[in-house]
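User: I'm new to this one. Can you walk me through it?

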Amino acid sequence: NSTPTYAYVLVNIAMIALKGGNHHKAIVLLETYFDEVGGADGNKNPTDQNAIEKGPFCITNSTYKGDCVNALNTIASAHMSSNNDTGAVMYLKKAIAIGEESMLGDIYSNLGGLLGDIGDHEGAAEAFIKAFWIRVRSRRVDPATLVRRAILVPTISNSLDDVEKVRLDFEARIQDMITLAKFGGKGWVDDSSSLFLLSKGISLEHEIRQLPPLHSTISD
C-alpha cells in the first residue's frame, strides 16, 4: 500500500503539482486526501492514522480542521485554474462552514475574487470585507481586499440613471479609500458609499474608527 500513513503529505504534493500547472493531478491528490481523512464533508470512514484516532478532519470540532481548510482552499484553487468556478465556490464554502474566523482570510479573499469574476458583485463585496476584517483582527492591517471591494463595479443596465448611480457610488468609495489612506478611521465620516457594508452588519463602526492610516500599505 503506497498511501501515506499521514495523509497531509498528499496536500503538499498537490501544492507542488498546482504550482507546476498540473491542475488535474492536484485535484486527484486532494480528493485522495479527503478520502483518507474522512471525506470533505466528514462523512466517511478515515484511513489516515490521525483521523482514525481523532475522527474525521473536515468537521467543525476537529483538532485538525485547519489542515482540512488548507486542503479545501487548495482544491478550490485547482478548480479555479481548471475554469470550474462552481466546484471552486463549493469547496471554499465548505472551508467557511468548518473553519475558525482566523483561518479564513485567504478563503474569503479567494471567494471574493471568484464571485466577482462570475458576476456576483454583491457576494464578492461581502467576501472582500470579511477577508479585510479577519486580517485586521489578526493584527495584520492589509488594505488589499478593501481596495478590491472599493473598485468592484457591478454589471449595469443601459439606463442612464443606473449608470450615473454606479459612477457616483464608485467615486464615493474611492474617496473613502483616499480618506482612510491619509487619516485612517478617524477621518471616516459614514458608510454612505457602502464601502464597509455597515448596514449588513459585516463591519462594526467602532472598528472602522480604530483603523490606522492605510497609506503605507496601499503605497506598497
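Analyst: One term to begin with: buried means under 20% relative accessible area, exposed over 50%, and partly exposed in between, with a 1.4 Å probe and protein chains only. By that scale Glu101, at 41% relative accessibility, is partly exposed. This is a predicted model, so local features need pLDDT of at least 70, side-chain atom pairs count only at pLDDT 80 or more, and totals for chains, interfaces and linings use all residues. Residues are numbered from 1 along each chain as its sequence is written, and side-chain values use heavy atoms, with hydrogens and water left out.

User: How many salt bridges does the structure hold?

Analyst: The structure holds 12. A salt bridge here is a side-chain nitrogen of Lys or Arg within 4 Å of a carboxyl oxygen of Asp or Glu.

User: Which residue does Arg137 meet in a salt bridge?

Analyst: Glu101, at 3.2 Å from N to O. The pair links distant parts of the chain, 36 residues apart: Arg137 is in helix α7 (residues 121–137), and Glu101 is in the loop between α5 (85–98) and α6 (105–117). Helices are DSSP runs of H or I with at least four residues, numbered from the N terminus. Arg137 is partly exposed at 36%. Glu101 and Arg137 also belong to a network of salt bridges with Glu207.

User: New topic, helix α2. Which residues are buried there?

Analyst: Ala26, Ile27, Leu29, Leu30, Tyr33, Phe34 and Glu36.

User: What do the buried residues pack against?

Analyst: They pack against α1 (8–19), α3 (49–54), α4 (65–81) and α5. Contact means heavy atoms within 4.5 Å.

User: How far apart are the end C-alpha atoms of α2?

Analyst: They are 20 Å apart, which agrees with the 20 Å that the 14 residues of α2 (residues 23–36) should span at 1.5 Å a residue. The expected span is 1.5 Å times one less than the number of residues.

User: What follows α2?

Analyst: Gly38, whose phi is positive, near 105°.

Note on methods: Helices (H or I, at least four residues) and strands (E, at least two) are DSSP runs, numbered from the N terminus.
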